[in-house]
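The following note goes through the structure shown below in numbered points.

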Amino acid sequence: MTRFSWWWVLVVVALALPVAAYLADAPDLTSAGLAGATLRFSVPILLAGLGGLWAERSGTLNLGLDGMMIIGGWTGAFVGLQYGPWAALVGGVLGGVLTGLLHAVITLAWGVDQAIAGIVINMAALGIVRFLSSITFAQQDGGSISQSPTLEPVPTVSLPGASWLLDPVADSGVPFLSAWARILTGLVTDVSVATLIGLLLVPVTWWTLAHSRFGLHVRACGENPSAADSLGVSPYRIRYLSQAISGALAGLGGAYLVVAASSVYREGQVAGRGFIGLATVLFGNWTPGGVLGGSLLFGFTDALSTRQAASVSALLLIGGAALALRALSLLRQGRGSEAWGNLVVGAAVLIWFVWGPPVPRELVVVAPYLTTLLVLVVARQTLRPPAAVGIAYRRSDE
């Protein structure tokens with residue numbers, strides 16, 4: 001096993017949830033509420049991750065995803081107050097596109113370092129939306145310089161017959177079966193239509209990058225822009241378009257936070273989700289399916305931060321067992337030093353679960369960010385980024 005598959009991690013975690021919930025006395029871990037919250041928390045991260053994927057597949061390092069989400073959230077709220085929730089999503093996309101194109105101009109036309117350009121976008125977005133809020137939302141009833149008036153949310157839908165089929169199973173008390181029925185209930189009932197749109201963009205992105213002519217050009221510019229240019233494909237045009245798409249997806253993620261995850265624009269609402277979305281790109285090894293898997297994992301830990309501390313304690317059991325299994329896998333590959341490191345950390349986590357104190361509330365709040373760091377550390381040796389990502393291209397360099 002030369003390549004570590006994070007999808008197997010997700011499968012193992014999913015199967016272990018009922019066991020961990022029972023051993024840790026944390027029934028909330030398999031509740032419909034947590035499952036639904038996981039879906040809601042995952043989608044904005046997913047959209048930011050897909051945005052980062054488009055940018056990096058074309059060879060551009062986009063650290064400005066957070067700023068694009070912030071701008072998209074504000075423009076979505078502004079348009080949504082005038083024309084409703086569907087217009088809010090469109091407004092978020094337009095705000096993201098404009099910010100993505102600004103990032104493209106800064107990096108491609110002006111030649112600014114891509115990492116610096118992303119940081120500038122993030123910093124500028126904070127000041128821009130605060131100024132715009134002061135002359136718009138602050139002048140309206142229920143609004144302020146840091147918050148918009150209440151918006152109409154995007155409608156929700158449920159799978160027909162889901163409650164009739166799943167509720168009896170969920171209430172039956174049958175081990176595993178009832179737990180999974182509760183989880184499925186949360187995933188198929190009262191789901192925002194915006195959530196379905198976000199999930200649908202995963203296969204759309206996969207097909208476009210893998211099977212369309214435009215996707216081939218994007219991947220070629222990300223791997224070898226000089227070769228693509230020699231065949232008549234303009235890396236500048238492709239990167240402009242890719243950054244516009246990247247901004248559109250991130251902006252849609254910001255608008256999602258406004259009209260699907262909540263019903264109000266609030267300053268600080270993005271809370272670093274753009275950076276977590278960028279981490280899902282690495283988590284998924286630059287594949288749309290991998291970005292989806294990473295988003296579900298990070299969304300799950302994010303949802304846990306709003307639930308009971310006992311649920312996070314249950315994750316100590318899952319995490320310790322997962323590290324022990326990974327240690328065995330590394331031993332089979334002959335990577336003894338890494339295996340022992342995983343085994344020691346896994347054992348320490350399991351000891352904490354059995355004999356240690358309860359998980360501090362502060363640790364619960366930062367769980368999504370700790371998960372991000374852990375994933376990046378563990379996955380570092382399996383990453384295969386596009387060869388030209390982060391490298392500026394100039395025709396005069398040939």
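1. Cavities. On a 1 Å grid over the protein atoms alone, a cavity is a set of points where a 1.4 Å probe fits but cannot get out, and its lining residues have an atom within 4 Å of a point. Grid points are joined across faces, edges and corners, and a volume is the space filled by probe spheres set on the points. By this rule there are two cavities of 30 Å³ or more. The most, three residues, come from α8. Element names follow DSSP runs, numbered from the N terminus: helices are H or I runs of at least four residues, and strands are E runs of at least two.

2. Basis of the model. This is a predicted model, in which local features need pLDDT of at least 70 and side-chain atom pairs count only at pLDDT 80 or more, whereas totals for chains, interfaces and linings use all residues. Residues are numbered from 1 along each chain as its sequence is written, and side-chain values use heavy atoms, with hydrogens and water left out.

3. The largest nonpolar core. A nonpolar core is a set of buried Ala, Val, Leu, Ile, Met, Phe, Trp, Tyr and Cys residues joined through side-chain atoms within 4.5 Å. Buried means under 20% relative accessible area, exposed means over 50%, and partly exposed lies in between (1.4 Å probe, protein chains only). The largest core has 46 residues, and the members that touch the most others are Leu 50, Leu 89, Val 259 and Tyr 265. Among the elements that give two or more residues to this core are α2 (32-57), α3 (65-83), α8 (193-211) and α11 (235-259). The largest share, nine residues, comes from α11.

4. Contact means heavy atoms within 4.5 Å. If neighbours within four places in sequence are left aside, Val 259 is in contact with Pro 85, Ala 88, Leu 89, Leu 151, Glu 152, Pro 153 and Val 154. Another core lies apart from the largest one; it has 16 residues, including Ala 20, Ala 35, Ile 183 and Leu 317.

5. Aromatic pairs. A pair of aromatic rings is described by the distance of the centres and the angle of the planes. Rings of Phe, Tyr and Trp (its six-membered ring) pair if their centres lie within 6.5 Å; planes under 30 degrees apart count as stacked, over 60 as edge-to-face and the rest as tilted. The structure holds six such pairs. In one of them, the centres of Trp 54 and Phe 214 are 5.9 Å apart and the planes stand at 25°, so this pair is stacked. Trp 54 belongs to helix α2 and Phe 214 to helix α9, so that the pair links parts of the chain 160 residues apart. Trp 54 is buried, at 5% relative accessibility, whereas Phe 214 is partly exposed, at 24%.

6. Trp 74 is buried, with a relative accessible area of 7%, while Phe 78 counts as partly exposed at 32%. Together with Phe 137 and Tyr 265, they form one aromatic cluster.

7. Helix α7 (residues 177-188) has twelve residues and spans 16 Å from its first C-alpha to its last, close to the expected 16 Å. The expected span is 1.5 Å times one less than the number of residues. Its buried residues are Ser 178, Ala 179, Ala 181, Ile 183, Thr 185 and Gly 186. Asp 190, in the loop between α7 and β2 (191-192), has a positive phi of about 50° although it is not a glycine. Asp 190 is exposed, with a relative accessible area of 58%.

8. Asn 285 counts as buried, at 11% relative accessibility. Thr 301, in helix α13 (residues 288-304), is buried, with a relative accessible area of 6%. The C-alpha atoms of Thr 301 and Ser 42 are 9.6 Å apart, although 259 residues separate the two along the chain.

Note on methods
On a 1 Å grid over the protein atoms alone, a cavity is a set of points where a 1.4 Å probe fits but cannot get out, and a pocket is an open set with protein on both sides within 12 Å along at least five of seven lines; lining residues have an atom within 4 Å of a point.
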